[in-house]
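Hello,

Here is the structure I promised to pass on to you. Have a look at it first, and my notes follow below.

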Amino acid sequence: MTTTASPGMTVSERRAQAAALSRDGASLRTIAQYLGVSKDTIRRDLDALARERTRQSATQDATPGETPTAAPATPGETPASLSPGDPLTVPVDQELLDDLAVITRTGRTPADAIGHAVHTLAAIYRGAWTTGTYPDGTEPDIIGHQLAPHQR
């Protein structure tokens, strides 16, 4: 792969190329090499694009004077501000680090652990809504869990 970045490339042009390469499945390192910038620059560019999409999505649906909120996703629908392959940035506090340390002891990567945790929680929500235990869109109160016996 040859570098396509030029000295006169604008930040917007670089971000557009980085987003396209990311959607095609290229890693941050590959994108950075291709565009002739650092991996951290690409991470910041993709994060900035994600923030901009979130802002645009929130302001399109907001009524003047109203605080924008994310539209609820319907089953099988992804949040409007995200697409598969988009980087997702979340604040990391000590509690999250401690929880990730527990889950990664199973051999999962931090990204896989987060994905698994979100999938598990979403399955609980879907079950509560599908059975009518909770109204659709209402966060269920989870008061317990059940584990299958360990199979060696």
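Helices here are DSSP runs of H or I with at least four residues, numbered from the N terminus.

Two notes on the basis of all this. The model is predicted, so to speak of a local feature takes pLDDT of at least 70, and side-chain atom pairs count only at pLDDT 80 or more, while totals for chains, interfaces and linings use all residues. Numbering runs from 1 along each chain as its sequence is written, and side-chain values use heavy atoms, with hydrogens and water left out.

Back to α1 (11-23). Its 13 residues should span 18 Å at 1.5 Å a residue, and the end C-alpha atoms are 18 Å apart, which agrees; the expected span is 1.5 Å times one less than the number of residues. R14, A18, A19, L21 and S22 are the buried residues of α1 (buried is under 20% relative accessible area, exposed over 50%, partly exposed in between, with a 1.4 Å probe and protein chains only). They sit on the same side of α1, because they cover an arc of only 165° around the axis, taken from the directions from the helix axis to the C-beta atoms. On the face turned away from that buried side are the exposed residues S12 and R23.

What about enclosed space? The whole structure has one cavity of 30 Å³ or more. A cavity is a set of points on a 1 Å grid over the protein atoms alone where a 1.4 Å probe fits but cannot get out, and lining residues have an atom within 4 Å of a point. The largest cavity holds about 60 Å³, the space filled by probe spheres set on the points, which are joined across faces, edges and corners. Its lining is A19, S22, R23, L46, L49, R53, D86 and P87, with at least two residues each from α1 and α3 (39-61).

Best wishes

Definitions and conventions: On a 1 Å grid over the protein atoms alone, a cavity is a set of points where a 1.4 Å probe fits but cannot get out, and a pocket is an open set with protein on both sides within 12 Å along at least five of seven lines; lining residues have an atom within 4 Å of a point.
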